2 protein chains.
Amino acid sequence: VNVREIGSFYMGGRVVEVRGLDPLEVRFTSGLPPRTVEQNGRFDAFQMYVHYVKLAASEAGPLLLWHGGSMTGAVWERTPDDRPGWQTAFLEAGYDVYVSDAVERGRSSWNRHPEIYASAPVYRSKAEAWNIFRIGPAEAAAEANAGGVWQAHPGVQFPTEAFDQFTKSLVPRWLSNDAATQAAYDELVRRTGPCTIVAHSQGAAFALQAALNSPQSVRALVAIEPTGTPHPTGQELAALRDVPHLLLWGDFIEGEPFWRAAFENAERYASALRSAGVECERVVLPRNGIYGNSHLPMLDRNSERIAQIVARWLEQRAGSAPEPHFERRNEVVS
Amino acid sequence: VNVREIGSFYMGGRVVEVRGLDPLEVRFTSGLPPRTVEQNGRFDAFQMYVHYVKLAASEAGPLLLWHGGSMTGAVWERTPDDRPGWQTAFLEAGYDVYVSDAVERGRSSWNRHPEIYASAPVYRSKAEAWNIFRIGPAEAAAEANAGGVWQAHPGVQFPTEAFDQFTKSLVPRWLSNDAATQAAYDELVRRTGPCTIVAHSQGAAFALQAALNSPQSVRALVAIEPTGTPHPTGQELAALRDVPHLLLWGDFIEGEPFWRAAFENAERYASALRSAGVECERVVLPRNGIYGNSHLPMLDRNSERIAQIVARWLEQRAGSAPEPHFERRNEVVS
């Protein structure tokens with residue numbers, strides 16, 4: 001691809017002051033004198049890192065990729081088995097692509113608790129990841145924790161041989177920073193909009209709310225397996241009339257109470273959108289003959305095919321926007 | 001620039017097991033059922049995130065950019081006052097550019113303590129950053145902490161109006177992970193080598209050691225204000241005979257005991273390199289008529305000029321490598 005600019009910036013956040021901590025005597029490097037580090041002072045908190053690649057000639061405008069829980073923007077860059085990520089797919093489709101790390105994740109940095117964050121971080125073990133990302137069943141995770149065999153869902157598309165590479169990308173998370181995270185995403189949407197948002201899991205929950213908060217700034221929204229949905233008024237929903245929504249789901253949802261609840265929750269939200277006159281398409285991949293997708297379709301073996309489904313859906317709604325550059329296949333997606 | 005591939009991968013690290021912690025009841029999203037999170041299990045630790053941009057036609061080979069303490073690879077992407085970063089400068093000079101986050105920083109993730117990391121994290125306040133990055137004197141930092149005025153070094157090149165944007169990029173650090181960090185860097189050098197390394201501050205200390213650990217894999221090394229130097233044997237030094245070193249320093253060092261010590265320490269190492277027959281050039285910018293550089297020359301107002309000095313020095317040592325693409329100026333750098 002012919003690139004005009006690669007860069008990054010920080011969005012949102014505020015300065016907080018910490019008081020009452022004792023100074024630390026710290027030797028940063030052996031051979032150099034120790035430094036007394038004043039632990040009190042002013043610190044940046046709740047800012048968000050945003051990476052971007054702008055094309056020499058962008059035909060489709062800005063597209064924002066928002067990752068899910070325990071992950072960073074790296075999930076869009078490359079698959080763990082070393083294939084191109086969705087960042088590349090959407091650059092090739094003619095978009096300027098913005099990949100952000102949510103507040104407190106990755107390059108967005110994070111802060112001490114309880115002085116700045118209200119709670120302690122939550123860490124996700126490899127076994128927990130195996131189960132919650134629907135690579136294999138919960139029993140397999142428990143076994144794996146006990147040193148047993150890692151059992152995968154039959155026909156799962158996740159590249160299980162690269163699971164150990166994937167889990168290197170997992171980061172800790174907090175459960176007390178949602179309002180700040182939403183604020184940073186809202187600011188990003190208003191800064192880069194009108195924009196297209198493709199968001200995953202926890203990121204998709206923030207994206208659904210971001211569309212409600214700035215409907216004028218969102219051209220279209222793709223929510224990949226959203227965990228959580230907003231609770232808008234009828235008036236707020238009606239303001240989304242020009243913001244088509246696509247909700248996309250993978251396989252193996254029936255057997256997992258957590259994911260069944262997430263799916264049913266999103267079904268109710270989709271109904272509310274449609275009742276308010278908002279276009280909302282919902283695709284369940286296995287009901288369309290595409291089997292085996294985990295909670296991570298952007299990393300699954302058929303990730304390129306799923307990206308094409310998303311890009312074609314966006315293209316059809318973009319009206320005057322030209323065709324994406326990738327090869328088209330004739331497949332029914334809904 | 002014409003780009004062949006943008007992506008990322010994870011390097012190094014190992015799996016550690018945590019036992020003895022109680023499970024957590026966690027509600028990740030309101031409206032969805034709570035999950036019981038098993039806090040014990042296997043976790044990835046000490047891995048390193050590496051981002052890369054490969055050119056359609058790379059003339060100069062791979063170049064690795066390693067950031068300093070409290071920072072991430074974002075420091076190379078864009079300046080806080082929104083000018084192109086050194087990632088862009090070296091892409092334009094014909095290199096495939098690899099930007100990594102050190103172990104425990106940014107997208108490399110981090111782990112709990114004391115179960116996995118031996119110590120607690122250290123956080124850097126805005127005032128501490130103002131002083132240690134030599135934007136202004138320690139007294140100014142103390143005043144700033146007390147709510148006073150932020151006083152800058154006279155003529156400092158750092159874009160002080162963008163200081164609040166810069167500090168959003170700072171991340172916590174640990175002091176007990178150096179061996180793991182070195183191992184990940186060593187693995188990266190062997191994987192991408194023969195390569196050129198441009199490293200800053202704490203990253204430069206790791207880079208000097210990485211060259212000793214894998215001399216066959218390093219074509220040239222630029223250490224921007226290294227904090228800390230290796231303690232090699234004469235035989236180890238002699239193995240660097242084909243690895244030219246450039247050590248580059250900014251302004252305002254005399255007045256700061258910590259930085260004077262770092263400089264003198266590096267001077268001793270430079271002498272040892274030269275005694276062993278290794279080419280080692282040391283540039284002190286203000287002694288060459290370039291005044292006002294902070295500890296962050298890649299972000300200073302003259303960052304492009306400093307990148308050119310580095311790129312030209314590298315070009316002269318690359319032998320058959322072609323000229324960098326940027327405009328040349330006639331300036332004496334040493």
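1. Over the ring of which residue does the charged end of A:K54 sit? The ring is that of A:Y52, with the charged end of A:K54 4.7 Å from its centre. Likewise, the charged end of A:R191 sits over the ring of A:F9, 4.0 Å from its centre. (The criterion is NZ of Lys or CZ of Arg within 6 Å of the ring centre and within 35 degrees of the ring normal.)

2. The model is predicted, with local features requiring pLDDT of at least 70 and side-chain atom pairs pLDDT 80 or more, while totals for chains, interfaces and linings use all residues. Residues are numbered from 1 along each chain as its sequence is written, chains are lettered from A and ligands numbered from 1 in the order written, and side-chain values use heavy atoms, without hydrogens and water.

3. The whole structure holds 45 aromatic pairs over all chains (Phe, Tyr and six-membered Trp rings with centres within 6.5 Å; stacked under 30 degrees between planes, edge-to-face over 60, tilted otherwise). A:Y117 and A:W174 form an edge-to-face pair, 4.7 Å centre to centre with 80 degrees between the planes. These two residues lie 57 residues apart in the chain.

4. A:Y117 is buried at 0% relative accessible area, and A:W174 is buried at 1% (buried is under 20%, exposed over 50%, partly exposed in between, with a 1.4 Å probe and protein chains only). Both belong to a ring-pair cluster that also includes B:Y117 and B:W174.

5. Buried residues of α8(B) include B:W259, B:F263 and B:Y269. Just after α8(B), B:G277 takes a positive phi of about 85 degrees. (Helices are DSSP runs of H or I, at least four residues, numbered from the N terminus.)
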